[in-house]
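Subject: Structure handover and notes

Hello,

Here is the structure I said I would pass on. My notes follow below it.

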Amino acid sequence: MIRKEFEMANNSQQELLKTINQAKPEKLKNVLLKMGSLDPDMAALILAIFNDIPVDLDIDAGFEVDHDTVEADPLPSTNPDTDPQAIEEEIRHVRGVISNQLQIARESDWDWNGMNNLVNFFSDLLGEVIDDTGELKVPFALGFPVALMVVQNQMKVFSEDSLSPMTLEDSVNNVLGVIIDLINESGSHLPVNEREKYLDQALKLFGSPVFKDLEAFRYEFIDDVLGLVTQQTANKVIKASERIMKQSTLWDEDQRKKHHLMLRLHLYLALGDLGVAQEIAIANMDDDDVRKQWFFVLKSRHRYDEAKELALDVPRYLRKEWDELLSNMYQELGETDELIALLRKRLLNHQTAVYQQYKQLLVERHEWQRVYPDLLKQLETKLSRYEYGDILALEREYSKLFEQLKKYQSAPMIRNYLRQIYPAVKNKMIPLYHDVVLIPQSQKTAANVPKQLEKDLSNFLEISHDATTVQKWVDELKQRLSGQTSFLEGLEIVQTQINTVV
């Protein structure tokens, strides 16, 4: 019955093509419109052909959906005995649905509504494949090709719409997650020959031009299907990636080499072949991504001493990131002494974000009061003025902070800490602000100087609410700057603010 219907469909196609060749343009237009209105599937098929979209049974670009809805028709329920021909028919139907929906978005010039509808469509379609709990709703034989079609068409959208990554990124992550769930739930348990068949489908897409200029997506996709790979098929994946590398240009050669390296490492880790994976890692340890990957492998296998050694043996310019990884590992292992020592070292090496964590650990040990005075002395000599000043402000060491402001005589530094320090040392701050901020500013000649002077006066008034002092400054500056219109205009603005405060 299905075979006869396919034959009828083919005859109908041939008749349609003959009619099109003989018809006048107006007649042709009317016939196509009528046919499309009578049969949504026929409309989808005509639309796919009209737009040069392949309609064979291979994985390709199309999808079709009714113009009146963005929801795909429900896919068949899971049935282990599903007829392969029925599966192929459903794949063809879904391909047409996607093609149609893609055309709708294209006709909208990829505007927000068109892209939003496309994203929702992909989400609904994938929801027919697997539910939120990861349970399959259709056979793997249908769900996997559908997921591949979604990936392929998302990449086509990227190639046509330069803004699509901003709206489609979550959708791409969604389908890649579905692929992982499909393989974990069913694909990895298939017979070896079946796994190879679906891997071949994935590799065909992996090597296709739809990923042109989207190499990160290409390799993220193939990473997510590694659960289908066996020892017998591993070389297929490597060779497919090598073919991609051979297509490299001067601009993307390094990037593709890097992706190929990481794929090889991920492949043998997925296969559980730790020996080969280790050989790859050791030979490429100068690549920081490889080093990180191997660090996490060592951690996961409780080889902590090796992981520590790896984290400590890195170039200085990578030290901050690796210190963070090592700190997290010490914390996970409950190695508090090592963590405290590392945090102090990081703090003295300008990684001031760890200050609160370091302090909290010592407070919990009732050691903070003993350590704090000597620590402050070290921080003063090791850190930059602003790093040290931020810690003084955090600890409300306002007298020490004021001494720093006096020491450096820096207008930007005084502006930075004025709000925090003023209530504690207001009487000392008034002359310092006058002598270091206002007077030098009034003597500059750059175009933005009058505006900055106005801002300095306004900020001090806002923070201090000391209209009397600011009035004295304004009167003094008016005399100093008489005849300089741009300055005087700014001072009048401040005068209005003073009058409002009073």
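Predicted model: local features only at pLDDT ≥ 70, side-chain atom pairs only at ≥ 80, totals over all residues.

Residues are numbered from 1 along each chain as its sequence is written, and side-chain values use heavy atoms, with hydrogens and water left out.

Whole chain

The protein chain has 25 helices and 0 strands. Both are DSSP runs numbered from the N terminus, with helices being H or I of at least four residues and strands being E of at least two. Of the 502 residues in the protein chain, 45% are buried. Buried here means under 20% relative accessible area, exposed means over 50%, and partly exposed is in between (1.4 Å probe, protein chains only). Among contacts between residues at least 6 apart in sequence, 64% join residues at least 24 apart; a contact means heavy atoms within 4.5 Å.

Helix α18

Helix α18 covers residues 368-382, which is 15 residues. From its first C-alpha to its last it reaches 20 Å, close to the 21 Å expected at 1.5 Å a residue (the expected span is 1.5 Å times one less than the number of residues). α18 bends by about 30 degrees at Asp374, where the bend is the angle between axes fitted to the seven residues ending there and the seven starting there. The buried residues of α18 are Trp368, Val371, Tyr372, Leu375, Leu376 and Leu379. Their cover includes α16 (336-348), α17 (355-364), α19 (385-394) and α20 (398-408).

Two helix pairs

Two packed helices are described by the angle between their axes and the distance between the axes. Axes are lines fitted to C-alpha atoms, for helices over the stretch in contact, and angles run from 0 to 180 degrees between N-to-C directions.

Helix α15 (residues 319-333) packs on α16 at an angle of about 160 degrees, with the axes 9 Å apart. The two are therefore roughly antiparallel to each other. For reference, angles under 35 degrees count as roughly parallel, over 145 as roughly antiparallel, 65 to 115 as roughly perpendicular and the rest as oblique. α15 passes α16 in a left-handed crossing; a crossing is left-handed if the near helix is turned anticlockwise from the far one by less than a right angle, and right-handed if clockwise. On the α15 side the residues involved are Lys320, Asp323, Glu324, Leu326, Ser327, Tyr330 and Gln331, and they meet Glu338, Leu339, Leu342, Leu343 and Arg346 in α16.

Gln351 belongs with this pair, being in the loop between α16 and α17. Gln351 is buried, with a relative accessible area of 6%. Leaving aside neighbours within four places in sequence, Gln351 is in contact with Lys320, Asp323 and Arg346.

The second pair is helix α23 (residues 449-464) and helix α25 (residues 485-501), which pack at an angle of about 15 degrees with their axes 8 Å apart. α23 and α25 are therefore roughly parallel to each other, and their crossing is right-handed. Val449, Pro450, Leu453, Glu454, Leu457, Ser458 and Leu461 of α23 make the contact with α25 residues that include Phe487, Leu491, Val494 and Ile498.

Single residues

Ser241 lies in helix α10 (residues 234-246) and is buried, at a relative accessible area of 0%. Not counting residues up to four places away in sequence, Ser241 touches Phe206, Tyr219, His260 and Leu263.

Tyr386 is found in helix α19 and is partly exposed, with a relative accessible area of 31%. Tyr386 touches Ser410, Pro412, Met413, Asn416 and Tyr417, again not counting residues up to four places away in sequence. Tyr386 and Tyr417 are 31 residues apart in sequence and 9.5 Å apart in space, C-alpha to C-alpha.

Two loop residues other than glycine have a positive phi. His302, in the loop between α13 (288-300) and α14 (304-312), has phi near 60 degrees and is exposed, with a relative accessible area of 57%. Arg396, in the loop between α19 and α20, also has phi near 60 degrees and counts as exposed at 65% relative accessibility.

Regards
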